[in-house]
Structure formats: structure tokens, C-alpha cells
Amino acid sequence: MVSMGFRAPIKSKKSPLLFFIGFLISISLVLSSSGCFENPGGVFREYEEIFIQDVDVMSTPQGEGALLTVTPYIRNDQNTDSSMLSVKVKIIDQETRLIVAEKDLDMGYIKARSLAYNSVSLGVADPGDYEVEVQLFKEGQLLDSGGSFVTIKAETFADQPADILLTDMNLVITQFTDRDAKAVVDISPGVYNQGGDSKALTMVITARTDPYTAYTESDELGIVKGSSRLRGHVRFVLLRRDEYTFSVTVEENGREIVTSEVLEPIKMDQIERQVTKNYPLMEEDMPVEAPEKEDTPGFGGAIVFAALLLTACIMHRKGLKSKRSGNEGLYDWRRR
């Protein structure tokens, strides 16, 4: 008698692993689209708008206090020209929180996709720490606010030597020329005299593409009083396809007293027109501290996701192997 074995068909069920992987993919897509992996240091604006891009504060001693020159930079990222804009500037004593000076400043109309700036001067009577608050209004409606901080030091002695520091460098491309192959670049390094009054100062800025090619411009700063902050200004016409290293030197009566440089090369074709970029200046031969190791923004979640996915795949493969081993044993028993 021959017995015929009967093997019932087994319906394949969808593995829970598929649901798990789908869930992880959905979560990663939601996080990516919501901007959770965006670089925290980058400026992200969801909508086109008008906003305060930067606030620059320079100071000149005036008696026991100082005259502060505040320059707000206003950016219009809309596709249309703005309405009439105005700015309110307040100087606030950080200790008492009292407003010690206040002025309104008309910005006028700002063209679409462009930058505008204007300056206003306010006097501060006493030394101390102050907050500079800037509010941007459109037809009376508050659009944005920003600010900066400044310390006014007591008047220095006349016979004290100057002590010049180079603080930072503003760079803005004002226009493109030669069929957009070249850029007109305005460079404005910041100078701070933390000593007494200087003699005649000259600022020399060098833009270098390689050891053999360099462009140099200079600005006569004149006498800079003690505890003063100001900016030099030069203009270059540079090729957009190149990248440049910038160095700034200050000379006093023809003698070099300080030289600083931007830490990284600047690629001109990565800078938009009418966007002010600010770069710190590091004095030459000063040791640069190694930055603390940080997780690269945006990769933390991806690494976790990959680890979970890999773990799930390993578990799934182990499950398949164990099932095959169990099934083969069952079929062998039935055949026997």
C-alpha cells in the first residue's frame, strides 16, 4: 500500500519587519522634510519676507561717553518691492534696563531681492555696557527686531600708545560685470583701538588666489582715537570662478603694526549679490584652537535609522534560518 503524503499550502503572511521598516522610513522622511536635519548655524526662512540681516555698531569717544553709529542692514527677499519701511534704534543700559537714547530712521522702499542699509548716530553720556536694539516697521507694523551689544570704556590717557585690533571683515558683492564673469566686491574690515589715540593709520587689504597672484587695495584711516571702533572700506573687481584668501594689515606712519587674515578661503561664486557676509579675522601666527568635535547636523538621525534597519535585517535573517530549519525537520518527519 502506497501512502500518498498531503502537503497543505501555507499562506504567506506579511512579515512584521516590513511594517517596521516602513515606519522607520516614514519617520525619517517626516524629520527630513520638517527641517530637523538642517544645520543649526544656517539661516532658514520658510517664507519670502523682509527682515534685519545684520546690525553694525561703531563707536567714537565723546567726552566720558561715546557717539555710536548704528547701521542696520535690511534684506527684502520678496519678489516685489517693499512698502515704505522705517527703523527704530534704541540704546539700552544693560544694568538699569533704561533707554538712554532713541532715534527713528527712514529706510524708504527696498527693491525686490535686494539689500539696503542706512546709518544713524546716537550719543551715550557714560561708560558702561549697552544693548543696541533695532526694530523694523512697515507702515507702522512691526516686522522684525534684532540688535547688538557694545561696551563704552572710560576715556584713555592722551599719552597712552594706540593698541589696534582687527575684529572682523564684512564682504558684499554689489554687482556682476563682464557677463557675470566678474564681481564688484566691497570689503569693510573692522578696527578697534583699545589704547590711546593713534598716529595716521593706513589699512591694506590683499585678496590672494595663489602664491603668485594677489590683488591689493588700501584705505587711509587717519588718526583713530582711543576706544574707537570703525571700518575701513575698499573695492575689488574679482573673478567669480576663483576662491580667495584675504589678509588685512594696518600700518601706523608706514610701520606695520598688526596683520590678520580670514581663516578660510572664500569662493566668490557661492555668494549672492547684495548679501553681506561677515568673517572673523585671526591675527597671523596666533595658534588656532581646534574646534570641539561635533556630530554633523542631519546625520545623527540617519545613523540611528541605519543602525535600526541593520539590526532588524539581521534579526529577520536569523528568523528565516530558524524557520527553514524547523520546516525541514517537519517535512523529514512526515516523509519518514
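Colleague: How much space lies in the largest pocket?
Modeller: About 390 Å³ lies in the largest pocket, where a pocket is an open set of points on a 1 Å grid over the protein atoms alone, with protein on both sides within 12 Å along at least five of seven lines, and a volume is the space filled by probe spheres on points joined across faces, edges and corners. Please keep in mind that this is a predicted model, in which local features need pLDDT of at least 70 and side-chain atom pairs pLDDT 80 or more, while totals for chains, interfaces and linings use all residues. Residues are numbered from 1 along each chain as its sequence is written, and side-chain values use heavy atoms, without hydrogens and water.

Colleague: Which residues lie nearest the centre of that largest pocket?
Modeller: Of the 20 residues that line the largest pocket, Tyr-73, Tyr-117, Ser-188, Arg-231 and His-233 lie nearest its centre, a lining residue being one with an atom within 4 Å of a point. The elements that contribute two or more residues to this lining are E1, E2, E5, strand E9 (164–177) and strand E10 (182–193), strands being DSSP runs (E) of at least two residues, numbered from the N terminus. E9 gives the largest share, with four residues.

Colleague: And how do the residues of that lining divide?
Modeller: The lining of the largest pocket divides into seven nonpolar, 10 polar and three charged residues; here Ala, Val, Leu, Ile, Met, Phe, Trp, Tyr, Cys and Pro count as nonpolar, Asp, Glu, Lys and Arg as charged, and the others, Gly among them, as polar.

Colleague: Let's turn to rings. How many aromatic pairs are there?
Modeller: The count is four aromatic pairs, with rings of Phe, Tyr and Trp (its six-membered ring) pairing if their centres lie within 6.5 Å, and planes under 30 degrees apart called stacked, over 60 edge-to-face and the rest tilted. In one of them, the ring centres of Tyr-73 and Tyr-117 are 5.1 Å apart with the planes at 40°, so this pair is tilted. It links distant parts of the chain, as Tyr-73 is in strand E2 (residues 65–76) and Tyr-117 is in strand E5 (residues 114–117), 44 residues apart.

Colleague: Is Tyr-73 buried or exposed?
Modeller: Tyr-73 is buried at a relative accessible area of 11%, whereas Tyr-117, at 55%, counts as exposed; buried means under 20%, exposed over 50% and partly exposed in between, with a 1.4 Å probe and protein chains only.

Colleague: Then what kind of pair do Phe-236 and Phe-246 form?
Modeller: Phe-236 and Phe-246 form an edge-to-face pair, 6.4 Å centre to centre with 70° between the planes. Phe-236 lies in strand E14 (residues 234–239) and Phe-246 in strand E15 (residues 243–252), so the pair ties together parts 10 residues apart in sequence.

Colleague: New topic: how many salt bridges does a search of the whole structure find?
Modeller: The search finds 10 salt bridges, each a side-chain nitrogen of Lys or Arg within 4 Å of a carboxyl oxygen of Asp or Glu. Among them is the one between Arg-231 and Asp-56, whose closest N and O atoms are 2.7 Å apart. That pair, too, links distant parts of the chain, with Arg-231 in strand E13 (residues 228–231) and Asp-56 in strand E1, 175 residues apart. Asp-56 counts as buried, at 11% relative accessibility.

Colleague: What about Lys-88, which residue does it form a salt bridge with?
Modeller: Lys-88 forms a salt bridge with Glu-102, where the closest N and O atoms are 3.3 Å apart. Lys-88 is in strand E3 (residues 85–93) and Glu-102 in strand E4 (residues 99–108), 14 residues apart, and Glu-102 is partly exposed, with a relative accessible area of 41%.

Colleague: And where do Glu-252 and Arg-255 meet?
Modeller: Their side chains meet in a salt bridge of 3.6 Å, N to O, in which Glu-252 is buried at a relative accessible area of 13% and Arg-255 is exposed at 52%. Elsewhere, salt bridges that share partners join Asp-56, Asp-168 and Arg-231 into one network.

Colleague: Last one: what volume has the largest cavity?
Modeller: The largest cavity has a volume of about 80 Å³, a cavity being a set of grid points where a 1.4 Å probe fits but cannot get out. It is lined by 13 residues, of which Pro-61, Ala-66, Ile-152, Lys-153 and Ser-227 lie nearest its centre. Strand E1 (50–62), E2 and strand E8 (141–152) each supply at least two residues of that lining, which divides into five nonpolar, five polar and three charged residues.
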